[in-house]
Amino acid sequence: MANTELAETGVVQFNGNPEQIIKPRRIPRRLKIYGYNLITLGIFFLVWYGIQSSTTSSYFPTIGGVERAAIGLVTKGDIQGFSLVQHAWASSVRVFAGFGLALVMGVTLGLLMGLYPFIYENSKVIIEPIRFIPPIAWIPMSMILLRGFARYVFIIWVGAFFPIFISVLMSIPRVETILKDSVKVYGGSRWDILKRIVIPSVTPEILAGARIGLGDSWMCIVAAEMIGGEPIGAGRLILKYADLLNMNAVVVGMILIGIIGFACNEVVLQIEKRLFRWRSQITL
Amino acid sequence: MPVGKPRIEIDVAHSYDSIVVLDHIKFDVYENEFLCILGPSGCGKTTMANLIAGLLKPSVGTVKLNGEIVNPQKHNISYVFQARSCLPWRTVKDNVKIALEIKGISGPVAEEKIANVLQIVGLQDFADYYPNQISGGMKQRVAIARAFCVEGDLLILDEPFGSLDAQTRYVMQMEVLKICEKMKRTVIFITNNIEESVFLADRLIVLSSVPARMIKEINVNFSKPRNVTHPDFLQLRTSISNLSEIAQDAVGGSR
């Protein structure tokens, strides 16, 4: 294109085929990620196989042994006749009860203390130390104080409550003053500010806290089922077979918890993605 | 010369902790007047805007609107903030709507107002975009649209065009003049741009650097819209930039 033409019209014309500039990717990014993860999984099994062939311990879980144990647990059930699905379901119910309670309380108390910092400031002496007591340390106390289902819920609640509570609490001072002012200046009340600015601002933080809390709930399931007393649940499955020194079945229980936790996390991530489309970084 | 009863009476001093930001500042604003407050950057102009809007209580003195102490819950104040005040979780349209929601205006009346102001600021095709999908200048126009859709006692603009490119800035200045002409608004326009202030103002108040004092009050009597190359315009502009304090600021290079 001649320079004179550019000077005269002030318009740059592109005569080529636009597809020549923006080449579509041959393999979608998502598929690529799946592919690489499959390779990672392959490497994992290779390492596992390497260890199992070189170890002298007869208890060490083997790939074939875990596979057989898994099939057996699904089809015939465990030594007491409970199938893997029943274990998974029982644990899921407990986790969601404890997590649900932690979510409701964490969000409510986090909002309350974030909006009225003096409550938190003046009760810090109790809140902060409790936060650092691990769920397992609560086992003896809950055995004395609680019965049945409440024991599971309590231990899981201890694990999930604080991540949610703290993330909500800490997010409130970070709400931008200018956004609050832009409601205030038009005559907005405290309630308007809470409803229209504070809550929408902290919702992403609430969900991020919830995701961490949900992960922590699954991490507490074995501790909770240690004292639950019922013979069913993924954690109980692990404990049962640990007593029998059957490591293959123990690993099946471990994988079960890992997979359910992973699935839960993915679900929340998808919800976040849908809900917070406004956060996606597309700029003109 | 301004005539009639003052609509806004400002008589304040303000300090944060022990730092005095505004020394004694006292002036009135009259009905339908376009008042510009011109000051070097960092002189406390935004503090002053917040005081006038009633978002901040002055350490000493009062701001009165229609004879009463200013109160956003009682008075209809529109405010275009200097920083970005778009709510990232609302679309352009809903960002404009929030002011009307709070004022309790909804339904077709609100829809019509919003469509109208979006047209004025040139965002009618971006009504359903989220703030992170539009440019910085467009975000500022959203804030301007929000302020314009509330009919009020007072319109405050705090360096509203600072982030706009020169061309858009000129277009927006013309729009502000047109809207104020048409809607009969009382306007306080805060800026650090001498040319902008001379272009827009009926009356001009020049502030010193911090702690801010009023160093000059100028009535600008040229008819609008003004020709920025007219000798009178240039002369006034030069005389303001020669004011010792402003010149000092320019040499000091705070920008």
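Predicted model: local features only at pLDDT ≥ 70, side-chain atom pairs only at ≥ 80, totals over all residues.
Where is B:Asn66 found? In the loop between S4 and S5 of chain B.

S4 of chain B covers residues 60-65. S4(B) and S5(B) pair in the antiparallel sense, over 2 bridges. B:Leu65 stands opposite B:Glu68 in S5(B).

Which sheet do they belong to? An open one of 4 strands in chain B, in the order S2-S1-S4-S5. Pairing there is antiparallel. Which strands stand at the edges? S2, residues 19-30, and S5, residues 68-69, both of chain B. Each has a single partner strand, so one side of each is left without a neighbour in the sheet.

On to the other sheet in chain B. This one is open too, with 6 strands. The order is S6-S7-S8-S3-S9-S10, and the pairing is mixed. Its edge strands are S6, residues 77-80, and S10, each pairing on one side only. How much are neighbouring strands turned against each other? By 15 degrees on average, direction ignored.

Let me walk through part of that order. S3(B) and S8(B), the latter residues 187-191, pair in the parallel sense over 5 bridges. B:Phe34 has B:Val187 as its bridge partner in S8(B). S3 of chain B, residues 34-38, also pairs with S9(B), again parallel, over 4 bridges. There B:Ile37 has B:Ile205 as its bridge partner.

Stay with S9(B) for a moment. B:Leu207 stands opposite B:Met214 in S10(B).

What lies across this sheet? Two helices to mention. H1 of chain B, residues 45-53, lies across S3, S6, S7, S8 and S9, and runs at about 160 degrees to S7(B). H4 of chain B, residues 136-148, lies across S6 and S7. H4(B) runs at about 170 degrees to S6(B).

There is another positive phi to flag. B:Glu159 has a value near 40 degrees, and this residue is not glycine either. B:Glu159 lies in the loop between S7, residues 154-158, and H5, residues 166-183, of chain B. Buried or exposed? B:Glu159 is buried, because 21 other C-beta atoms lie within 10 Å and the cut-off is 20 or more.

Next, the core. In soluble globular proteins, nonpolar side chains tend to be buried together. Here, the largest nonpolar core has 128 residues. Which of them touch the most other members? A:Ile156, B:Leu35, B:Ile52, B:Ala145, B:Ile156 and B:Ile188. H8(A) supplies the largest share of this core, 14 residues.

Take B:Leu35 as an example. Leaving out residues up to four places away in sequence, B:Leu35 touches B:Val29, B:Val187, B:Ile188, B:Phe189, B:Ala201, B:Asp202, B:Arg203 and B:Ile205.

That brings us to chain A. Two packed helices are described by the angle between their axes and the distance between the axes. The pair to look at is H5, residues 84-115, and H8, residues 149-171, of chain A. Their axes come within 7 Å and cross at roughly 35 degrees. The crossing of H5(A) and H8(A) is right-handed. The residues of this contact divide into 21 nonpolar, 4 polar and 1 charged.

Last item: where the chains meet. How many residues does each chain put into the contact? Chain A gives 18 residues and chain B gives 22. On the side of chain A, the elements giving two or more residues are H9, 177-184, and H10, 190-219. H9(A) gives the most, with 6 residues. By class, the side of chain A that touches chain B has 9 nonpolar, 5 polar and 4 charged residues.

Methods:
Residues numbered from 1 in each chain as written. Chains lettered and ligands numbered in written order. Contact = placed C-beta atoms within 7 Å. Nonpolar A, V, L, I, M, F, W, Y, C, P; charged D, E, K, R; others polar. Pairing = 2+ DSSP bridges. Axes fitted to C-alpha atoms, helices over the stretch in contact; angles between N-to-C directions. Left-handed = near helix turned anticlockwise from the far one by under 90°. Buried ≥ 20, exposed ≤ 12 C-beta atoms within 10 Å, placed from the backbone. Core = buried A, V, L, I, M, F, W, Y, C linked by C-beta atoms within 7 Å.
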